[in-house]
Amino acid sequence: MSNLALIIYCGLITFLTRFTMIAVLKKEMFNDRIREVLSYVPSAIFPAIIFPAIFLDNSGIIQLEDNPKILAAIIAMSVGIFSRNVLATIFSGLASYWAIIFI
Amino acid sequence: MNNKSKNFLKGIKDTSPLMIPVVPFGIIFGVLAIDLGLTPMTTIAMSVIIFGGASQIIFLQLFSAGASSLVILSSVGAVNSRHLLYGTVLSEHLSDLNLTWKIIVSYFLVDQAFAVSNNHFNKNKKDKDKYFHLIGGGLNCWTIWQVTTIIGIYLGSIIPEKLGLTFAIPLTFLALLVNDFRKLINVIVIIVSGTIATLGYQIIPFKAYVIAAASMGLLVAFILTKFMKKNYE
């Protein structure tokens, strides 16, 4: 599949997830129980991106020692928990990562 | 000023504070795409056609890891599944619109626009032009997203690879979870999903670890919410 075709398909999928419920939903199809479980979708998906990017090296091997990303992520997470600020979280993580690898 | 314009401008105004984190996110996306060897035109096409930060960054992540098209498509689908919830919540306010407007509104249904328009709709249930609030907010996000993508494309050729900007990907997603770290069930779901993804990265075929981990995480959420509810009843 060419890159552009893949992008168009991904765009179509993204659009359909936004459009489907608005277009077809009958209210009674979604009860509070389903709604409640769906509210955990971000907590279920985002860690699957976060954890491997922090704990794995470039070849996909788990790297727990000599890994500056772990400490930087812990700092970012602590800043996030206390500040609840998206920007502060991202930049504290990047800044500590740079401080560890460059100093 | 007519009612539609009023709603439209209110949408722009309400989403504006939420645009601050979108700026670095868009720039990071543009920088990464160029870093990974995509052309500027392909990069812009992604921001216009997909128009979803999380989807686009996961696309890059899996694309650079050599994942198959099917895995990329299904992972983008999995990441986007939260939009089904947005649509569900908003559908009661948008059910009177005709198909064309439903299509337009859906294209602009991004996290930030959903967050503010959902509030606005609940406060203005009787206003039949209230959907212009979502279009204003969505268009605000859209404009910021395209402009920052282009800035990122320019910076991508200047910023050295040594800076390790790819680390901004997990940080950005970490930042989107800041409100969930204080809730016990969320923390358990986060740990389950993250652990499965890390351990399964090499084992689970076709780079399907994102979907596998997310499904397990949701299953755990399903069980825990049921269990905790029973405790309280």
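This is a predicted model: local features need pLDDT of at least 70, side-chain atom pairs count only at pLDDT 80 or more; totals for chains, interfaces and linings use all residues.
User: Let's start with chain B. How many helices and strands does the secondary structure come to?

Analyst: Chain B comes to eleven helices and zero strands. Read from the N terminus, the order of its elements is α-α-α-α-α-α-α-α-α-α-α.

User: What is the radius of gyration of chain B, and what does the globule rule give?

Analyst: The radius of gyration is 19 Å, close to the 17 Å that the globule rule gives for 233 residues, so chain B is as compact as a globular protein of that length. Along the principal axes, its C-alpha atoms fill a box of roughly 55 × 55 × 30 Å.

User: Which domains does the assignment give for chain B?

Analyst: Domain 1 covers 3-171 and domain 2 covers 177-228. Taken over C-alpha atoms, the centres of domain 1 and domain 2 of chain B are separated by 24 Å.

User: And how many residues are in contact between those domains?

Analyst: Eight residues of domain 1 of chain B are in contact with six residues of domain 2 of chain B. On the domain 1 side, helix α5 (residues 69-94) of chain B gives the most, with four residues. That side of domain 1 has five nonpolar, three polar and no charged residues.

User: Switching topic: how many residues of chain A are in contact with chain B?

Analyst: 61 residues of chain A are in contact with 74 residues of chain B.

User: Which elements of chain A give two or more residues to that side?

Analyst: They are α1 (3-24), α2 (32-38), α3 (41-55), α4 (68-83) and α5 (86-102) of chain A. Of the elements on this side, α1(A) gives the most, with 18 residues.

User: What about the residues by class there?

Analyst: The side of chain A that touches chain B has 44 nonpolar, eleven polar and six charged residues.

User: Let's look at one helix pair. How do the axes of α3(A) and α9(B) cross?

Analyst: The axes of α3(A) and helix α9 (residues 168-176) of chain B come within 9 Å and cross at roughly 150 degrees. An angle over 145 counts as roughly antiparallel, so α3(A) is roughly antiparallel to α9(B).

User: Is the crossing left-handed or right-handed?

Analyst: The crossing of α3(A) and α9(B) is left-handed.

User: Which residues make the contact?

Analyst: From α3(A) they are A:Pro42, A:Phe46, A:Ile49, A:Ile50, A:Ala53 and A:Ile54. From α9(B) they are B:Ile169, B:Pro170, B:Phe173, B:Leu174 and B:Leu176.

Conventions: Residues are numbered from 1 along each chain as its sequence is written. Chains are lettered from A and ligands numbered from 1 in the order in which they are written. Domain bounds come from an automatic or database domain assignment. Two residues are in contact if their C-beta atoms, placed from the backbone, lie within 7 Å. Ala, Val, Leu, Ile, Met, Phe, Trp, Tyr, Cys and Pro count as nonpolar, Asp, Glu, Lys and Arg as charged, and the others, Gly among them, as polar. Axes are lines fitted to C-alpha atoms, for helices over the stretch in contact, and angles run from 0 to 180 degrees between N-to-C directions. Angles under 35 degrees count as roughly parallel, over 145 as roughly antiparallel, 65 to 115 as roughly perpendicular and the rest as oblique. A crossing is left-handed if the near helix is turned anticlockwise from the far one by less than a right angle, and right-handed if clockwise. The radius of gyration is taken over C-alpha atoms; the globule rule is 2.2 Å times the number of residues to the power 0.38.
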